[in-house]
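Good morning, everyone. Please take a look at the chains on the screen, and I will walk you through them.

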Amino acid sequence: MTVAVPLTAEEPLKTESVSQEATLTEEGTLIELPARVRKAPRPRKSKLSGTPRFRIFVIDSGWNSVARRVLRHNFALIRRLHKGDPIYLLSRKKSTEFIRRHRSLIGRDPIIAVHDLTAMAWHGTAGFHGFHLHLGIQRTPRQALVALQAFARFLAKHRQSADLEAEVRTELRREGFQGAVEIFLHKVPRVIGG
Amino acid sequence: MDRFGEIVSVVLGALAVAYLAYEIDRRKRKLRDLFHVLGSEEADISAELADMVESGELQPYTRRARA
């Protein structure tokens, strides 16, 4: 589409359409306008904003368990909550092969393995380098859901932590202490269930 | 008779304390099993997962592509 812009134009284009304006102006410079005004494309944000702190692996060989169903139902939310960290899903076949090589994991899956990249950059896998959430050991949907929520909360809360190991141990001690208090008060402990 | 009552009370109290200690310990162990901290003992497990990523065998999950 072409329009003519008058050389002496002092008035800005008002409410007339572009085609009307083009016919009204006899003399002027022709400039090309696109048929449809397009907005400049917005730069697409990377899925992983910033430097990832964790690598998250989901290992699930496919036991027909309540934990598996809870994880599947809430996976999208977990993913949205932890957009900054890559999540690697091992297929059922890969998970089974992996667990077969590491037999201590049998019956504990679905497992969410979290690698602390900061700790691993510092000393590899020699010392503390993350943790596993053994969701498969939970027996009820509520226990599994509460554990998953605690996991999501912990990761979000301690993403910037300088010493994740200390934070994990402190949190476990706190949970243990609260569990003891809840036993005294005859309440169901929050994470580990009855 | 009073003496017998005292003994029963002490024994019951001791049993209650022992049960509490056992229950707290059991739950602590369960919690540590649920949130298992990775150390040098799990180095081979973690190294294998890291290798799978480095070699490109595993790709980060996206809606379109699954590992």
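One term before we start: two residues are in contact if their C-beta atoms, placed from the backbone, lie within 7 Å. This is a predicted model, so local features need pLDDT of at least 70, side-chain atom pairs count only at pLDDT 80 or more, and totals for chains, interfaces and linings use all residues. Residues are numbered from 1 along each chain as its sequence is written, with chains lettered from A and ligands numbered from 1 in the order in which they are written.

Start with F57(A). Leaving out residues up to four places away in sequence, F57(A) touches Y88(A), L90(A), A113(A) and L49(B).

Now the contact between the chains. Chain B puts in 29 residues and chain A puts in 34. On the chain B side, α1(B) gives the most, with 10 residues. Helices here are DSSP runs of H or I, at least four residues, and strands are runs of E, at least two, numbered from the N terminus.

Next, strand β6(A), residues 130-134. Which strand of chain B does β6(A) join? β6(A) runs antiparallel to β1(B), with 4 bridges. Strands pair if DSSP finds at least two bridges between them. In β1(B), G130(A) has L38(B) as its bridge partner, and F131(A) has V37(B).

β6(A) also pairs with β5(A), residues 111-116, antiparallel over 5 bridges. There, I111(A) stands opposite H134(A).

Is β6(A) buried or exposed? Of its 5 residues, 5 are buried, meaning 20 or more other C-beta atoms lie within 10 Å of a residue's own, with C-beta atoms placed from the backbone.

Note on methods. A residue is buried if 20 or more other C-beta atoms lie within 10 Å of its own, exposed if 12 or fewer, and partly exposed in between; C-beta atoms are placed from the backbone.
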